[in-house]
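Student: Could you show me how to read some features of this structure?

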Amino acid sequence: RYLRAVAELQAAFDQRVREGEAGFGYRLAQAESAFRELAGRQHADFSRALTEARSETERQISEEFRRIRLDLERQIHSELRTLRQRLVLGGRPAALERAESPPAGGLDWLRFAEGFRGSEASVKAAQRRYVEDFRGCRRVLDLGCGRGEFLELMAEAGIPARGVDLSAECVALVRAKGLEAEQADLFEYLDGLADGSVDGIFCAHLIEHLAPERLPRLIELAARKLARDGLLAIETPDPACLAIFATHFYADPTHVRPVPASLLVFYLEEAGFGGIEVRRLAPAVETEPALAELPEAFRSAFFGGLDYAVLARRL
């Protein structure tokens with residue numbers, strides 16, 4: 001009987017131990033699960049915070065690099081502008097001081113001319129065709145003289161000439177080359193000249209910048225200021241060449257509208273000019289070789305010269 005009681009107690013004890021072990025294992029599993037869940041949440045929170053901090057740091061670094069890049073670009077732009085002007089001015093500091101201050105909100109039109117009009121050398125080479133036309137003139141006026149390429153050609157040919165331009169920067173550059181130029185509104189300048197006081201007027205790539213109603217006025221003033229048999233030469237983009245609308249004309253934001261040659265000739269005849277000659281210039285196929293694949297007649301009619309010039313004599 002005693003042994004049976006001991007065995008029953010031993011069995012009850014073993015049962016309690018097994019139950020305790022099972023309960024401990026369950027509580028341990030619960031604790032481990034809670035710990036893993038807490039650690040997972042903390043890891044997720046930490047990873048999210050780390051990602052946000054990294055994104056903010058990357059944003060701040062990117063913003064700082066952007067600011068530094070913009071500062072450098074502004075500095076480079078300013079230095080290149082000054083260098084360009086020094087090269088043109090030949091190191092003349094007084095002229096450079098006048099040329100370095102563009103109008104408020106103004107663009108660097110010298111850089112624009114270099115990129116969209118062409119280098120001074122290329123423009124000068126193209127305008128050399130007019131030297132013989134003005135041979136023998138003694139008082140030539142270049143309207144909208146720009147960088148002074150035509151005035152240089154006149155000086156080299158021994159033909160007295162002066163320029164007028166609205167840009168103080170361009171006038172300073174022209175004067176720095178030892179050429180004569182004046183900053184003024186073209187209409188006011190012409191109106192102030194004595195009638196018949198010049199025997200040649202050159203006007204390249206200017207009239208397309210004028211409002212339509214001002215062009216007849218310009219030609220009328222030119223007719224009044226030219227002496228008898230005086231020469232007027234006007235060069236402008238040719239709207240008969242469709243290629244100018246796809247390439248050149250709208251690249252200049254100051255262009256107003258192109259002027260057809262027939263309309264310009266009409267204005268010249270009305271103002272008292274004669275001996276009018278129209279020259280087609282700058283074949284489009286030279287800058288757009290793909291045009292060579294078009295039939296010649298079609299190409300000639302719609303894709304001829306990018307520019308044209310009209311030369312006329314005051315009757």
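**Reading helices, burial and phi**

Tutor: Let's start with a pair of helices: helix 4 passes helix 5 in a right-handed crossing. Right-handed means that the near helix is turned clockwise from the far one by less than a right angle, left-handed anticlockwise. Helices (H or I, at least four residues) and strands (E, at least two) are DSSP runs, numbered from the N terminus. This is a predicted model, where local features need pLDDT of at least 70, side-chain atom pairs count only at pLDDT 80 or more, and totals for chains, interfaces and linings use all residues. Residues are numbered from 1 along each chain as its sequence is written, and side-chain values use heavy atoms, without hydrogens and water.

Student: At what angle do helix 4 and helix 5 pack?

Tutor: Helix 4 (residues 120–127) and helix 5 (residues 149–156) pack at about 55°, and their axes are 9 Å apart.

Student: Which residues in helix 4 and helix 5 meet?

Tutor: Think of contact as heavy atoms within 4.5 Å. From helix 4 come Glu120, Val123, Lys124 and Gln127, and they meet Glu149, Phe150, Glu152, Leu153 and Glu156 in helix 5. By class, this contact has five charged residues, three nonpolar and one polar. As background, an α-helix has 3.6 residues a turn, so residues three or four places apart point the same way.

Student: How many residues of helix 6 are buried?

Tutor: Buried means under 20% relative accessible area, exposed over 50%, and partly exposed in between (1.4 Å probe, protein chains only). Helix 6 (residues 168–176) is mostly covered, with seven of its nine residues buried. Among them are Glu169, Cys170 and Leu173. At the start of helix 6, a side-chain oxygen of Ser167 comes within 3.3 Å of the backbone nitrogen of Glu169. Just after the helix, Gly178 has a positive phi of about 85°.

Student: Is Asp133 buried or exposed?

Tutor: Asp133 counts as buried because its relative accessibility is 19%. Asp133 sits in the loop between helix 4 and strand 1 (140–143). Beyond residues up to four places away in sequence, Asp133 touches Leu231, Arg279, Leu311 and Arg313.

Student: What is the phi of Ala282?

Tutor: Ala282 has a positive phi of about 50° although it is not a glycine. Ala282 lies in strand 6 (residues 273–283), and at 30% relative accessibility it counts as partly exposed. His205 also has a positive phi, of about 50°, without being a glycine; His205 is in the loop between strand 4 (198–204) and helix 8 (215–225).

Technical notes:
Axes are lines fitted to C-alpha atoms, for helices over the stretch in contact, and angles run from 0 to 180 degrees between N-to-C directions. Ala, Val, Leu, Ile, Met, Phe, Trp, Tyr, Cys and Pro count as nonpolar, Asp, Glu, Lys and Arg as charged, and the others, Gly among them, as polar. A polar contact is a pair of N or O atoms within 3.5 Å; within protein, one must be able to donate a hydrogen and the other to accept it, and residues adjacent in sequence count only if both atoms are side-chain atoms.
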